[in-house]
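Subject: Handover of the two-chain model

Dear colleague,

Here is the structure I said I would pass on. My notes on it follow below.

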Amino acid sequence: MRLTSFLQSDNFSGWAFILPYLIAFVPLLLWPFIQGFWMSLHEWNLLAVTFNPAAKEFIGLGNYIRLMGGDDIGWSLQPMWPFRLVVSVLVVALYVRSLRRRAVGYSHHIMAGLTLFTTVILLGLTGDWYDTRFWIVVRNTLVFVAWVVPVTTIIALLLAIALNREGRWAATLRSVFFFSQILSVTVVTLIWQLVYGVRNGFIANVLAPFGIDSPNWLTDDQLAMGAIVAATVWWSVGFALILFLAGLQQIPGERLEAATLDGAEGWRKIVQIIVPSIIRTVQFVMIMQIVLHFQVFGQSQLMTQGGPGDATNVWVRYIYQTAFRDSEVGYASAMATVLFAFMMIFSVIQFWVTKRQES
Amino acid sequence: MRLTNTLTASALALCVTATGVQAETELELARFFGSCDDAGTDVSAAVGEACIIQTIINAYSAEDNGVTIETLPTDWGNYYDQLKAMYAGNSAPDVHVIHKSSIAEFASLGALMPLQEDDLRAAGINPDDWVDRARDAVTYDGQMYAIPMDIHANLWHINMDIMAEAGLVNDAGEPILPSSPEELMAHAKQVKDATGKDYLTADFAQFPIGVRMVLAMLWQQDSNVFSGDKATVNTPEAQRAVETIVGLFDAGYADPNLNYNDSQQAFLEGDAAIQINGTWMVDVYSSETRNDDSALASYYVADYPQLFDEAATWADSHTWALPVTLQNDPEKYEAALGFLAWLNDHNVDWARTGHLAVRQSVLDSAEYQNLAHRDEYSNTVNIARDNPPAARYSAIQDVLNRELQSIWLQGKGIEEALADAEREIHRLL
């Protein structure tokens with residue numbers, strides 16, 4: 001009797017629906033994650049532990065201290081001051097504006113607080129860091145994300161608006177732009193290495209008749225990151241494009257017509273009508289990309305090997321090198337856990353933003 | 001796991017008995033050197049590292065010896081990461097190639113099978129035939145862990161047409177090479193003035209050829225990047241070595257931005273007089289002289305020139321090792337030893353790539369001595385040098401590569417970069 005009522009309860013159907021996902025999630029994601037965290041609390045050499053399980057040593061938070069700690073830690077206004085100043089002023093201005101409009105909620109307080117804490121306090125920290133390379137790869141990864149995400153979003157949005165129409169040409173072009181998305185990172189980097197090749201590359205061949213030497217796209221310290229960003233934008237624009245097209249088709253035709261009758265054209269129509277109508281899609285695309293591109297690896301590994309110097313070395317590549325080349329899986333797991341925390345922050349922000357809009 | 005294995009094995013055994021085919025021992029093999037499509041089994045016709053090694057493997061597999069070898073797909077750049085992951089996942093290949101410089105790391109952690117001299121002799125390998133340097137290459141802490149296949153070193157690959165145009169060829173038809181950093185700059189200027197071309201090209205941007213040049217110039221001054229557990233990178237000798245190379249870049253006699261492929265193309269298209277690269281290119285470049293599309297018509301190979309007090313060039317060895325897990329599988333162990341003996345027998349074929357042979361009997365043979373260009377770099381075997389074994393050698397090399405790149409590609413000060421490298425390497429020792 002009790003069993004029958006349980007089988008008919010919402011509780012049961014709820015569990016039944018998520019069970020297939022849990023079967024994959026628990027052993028393939030949750031368990032390895034817990035194991036990874038456990039490893040991060042140890043001094044753990046990959047090969048040594050394979051041949052002698054007792055070769056690991058529990059060191060508590062030692063790996064995290066080695067990763068993020070330093071000697072003579074202080075605080076100063078000076079590091080990156082133009083960037084910190086601009087962002088701080090911007091945040092305060094936005095915050096004051098929403099206060100005036102009385103459109104301010106929990107998420108506003110927290111986001112403004114977090115951003116100010118980061119720009120004023122965290123970015124002002126100085127010290128003799130134990131692992132200086134870690135901060136270099138963190139900065140490179142942030143720069144990479146800060147370029148790829150907005151550029152991809154804007155290009156994909158404009159393409160989607162242009163291609164959101166009937167007709168054979170639009171359909172063909174939609175497929176063409178989506179095509180890059182189905183390629184693996186190996187193929188993408190191979191294609192772009194052929195494009196960037198200094199001697200026989202595509203760009204070099206285009207420039208040759210004008211007597212211009214090709215820039216050293218992948219080995220010039222000023223260009224390498226940009227070259228990787230361009231390849232990544234090309235690769236990921238298709239995915240964003242499809243999501244935007246789906247979003248655009250949800251906009252009622254009357255709304256666009258009314259806007260046109262009221263004289264909204266070109267940029268004004270895009271900024272004031274189209275983007276607000278699909279703002280949820282825009283947010284989703286951006287958050288997805290932020291989480292995805294924080295994990296950038298293949299482009300850096302295959303196109304520049306992190307170079308020149310450490311100019312294009314990124315977070316996941318540093319994890320990979322530490323774990324496999326240097327065999328320090330404990331330390332690498334600590335880096336991975338910090339990366340996870342970073343991406344978690346962005347996911348939580350998305351969660352808040354979505355929830356606020358629903359209420 | 002073991003139960004499943006036993007069951008699978010018995011099932012396989014049943015199938016084999018039923019069809020009346022003799023059971024083959026299957027060996028999994030991991031190697032780098034790149035891939036060779038349709039390699040076949042004709043060792044004598046193969047050109048280049050990938051095809052020569054693959055035909056040697058295929059030929060052994062095709063022999064009626066009860067052993068089949070499966071070559072695992074591995075990638076050059078990530079070979080050691082993959083190998084380590086295979087070991088960590090308890091699925092190490094039954095036989096694999098490994099550099100001399102990596103033996104210390106794998107052997108010190110107990111991953112490699114110690115090889116007993118009696119077993120090698122029983123399989124038909126005579127370790128007494130190996131030159132001392134080769135025997136040292138496979139020995140770690142007094143124990144043998146691999147069999148050597150070659151000694152490979154940095155050479156100067158030379159386009160003689162450009163050298164002749166610049167007046168850098170002597171009456172005997174040999175290139176005139178520098179004997180001091182000052183002369184190096186003078187020759188470079190001579191080439192630039194006479195031909196407008198770069199004096200030398202190499203991958204200074206990604207692959208650690210630049211590191212190997214600096215190391216050679218350190219050894220030539222009786223210095224090194226570390227001794228014992230002390231890093232000695234920031235020294236007057238290292239500054240002289242780096243300044244010599246940077247001098248070429250600053251004067252426009254060499255381009256630091258070219259990667260491996262670009263620098264190779266620059267040499268083949270006749271845009272640089274000299275390429276600095278390893279012994280593995282000798283076979284490839286000498287076959288390119290017969291290719292009408294290539295601007296390389298007259299090719300010469302030279303020992304790395306002595307620019308300072310003594311002669312030295314960077315060198316390493318390719319060797320073959322077995323995983324320690326083969327101890328529990330006598331059948332595979334025997335099959336793997338048989339294959340190692342086959343490789344040892346084909347030492348002269350492998351030497352065709354341009355690498356130096358490791359067996360005295362091969363070095364003395366007419367077949368070896370008649371190989372193309374061999375007499376031009378005969379002294380390399382005497383000046384080949386390497387760092388002492390270090391468990392974290394690849395990480396050390398990476399530090400040097402990064403800091404040197406930051407000097408010539410990012411404009412970092414020489415002293416600052418060397419000091420940073422010294423600090424990081426000190427931590428790794």
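In which helix of chain A is the place of Thr152(A)? Thr152(A) sits in helix 7 of chain A, residues 132-163, where helices are DSSP runs of H or I with at least four residues, strands are runs of E with at least two, and both are numbered from the N terminus.

Before the rest, some conventions. This is a predicted model, in which local features need pLDDT of at least 70 and side-chain atom pairs count only at pLDDT 80 or more, while totals for chains, interfaces and linings use all residues. Residues are numbered from 1 along each chain as its sequence is written, chains are lettered from A and ligands numbered from 1 in the order in which they are written, and side-chain values use heavy atoms, with hydrogens and water left out.

Back to Thr152(A). Its relative accessibility is 0%, so Thr152(A) counts as buried (buried is under 20% relative accessible area, exposed over 50%, partly exposed in between, with a 1.4 Å probe and protein chains only). Apart from neighbours within four places in sequence, Thr152(A) is in contact with Val233(A), Ser236(A), Val237(A), Ala240(A) and Gln289(A), contact being heavy atoms within 4.5 Å. Phe25(A) is 127 residues from Thr152(A) in sequence and 30 Å from it in space, C-alpha to C-alpha.

Domains of chain A. The assignment gives domain 1 (73-129) and domain 2 (132-327); such bounds come from an automatic or database domain assignment. The C-alpha centres of these two domains of chain A are 28 Å apart.

The interface. Chain B brings 34 residues to the contact and chain A brings 31. About 2700 Å² is buried between chain B and chain A, 48% of it from carbon and sulfur atoms; buried area is the accessible area (1.4 Å probe) that two parts lose on being put together, summed over both. In chain B, the residues that lose the most area to chain A are Lys84(B), Leu109(B) and Gln206(B), together 21% of what that side buries.

Between chain B and chain A, 14 residue pairs are in polar contact, both at pLDDT 80 or more. A polar contact is a pair of N or O atoms within 3.5 Å; within protein, one must be able to donate a hydrogen and the other to accept it, and residues adjacent in sequence count only if both atoms are side-chain atoms. Helices 3 (79-88), 4 (100-108), 11 (260-268), 18 (393-408) and 19 (414-428) of chain B each supply at least two residues of the side that touches chain A. Helix 18 of chain B gives the most to that side, with six residues.

Asp271(B) is in the loop between helix 11 and strand 11 (272-278) of chain B, and Arg199(A) in the loop between helix 9 (185-196) and helix 10 (202-207) of chain A. Asp271(B) is partly exposed at 32% relative accessible area, and Arg199(A) is partly exposed at 21%. Glu328(A) also forms a salt bridge with Arg392(B), with the closest N and O atoms 3.1 Å apart.

Within chain A, Arg325(A) and Asp326(A) form a salt bridge at 2.8 Å between the closest N and O atoms, and both residues are buried.

Regards

Terms used:
Salt bridge = Lys/Arg side-chain N within 4 Å of Asp/Glu carboxyl O.
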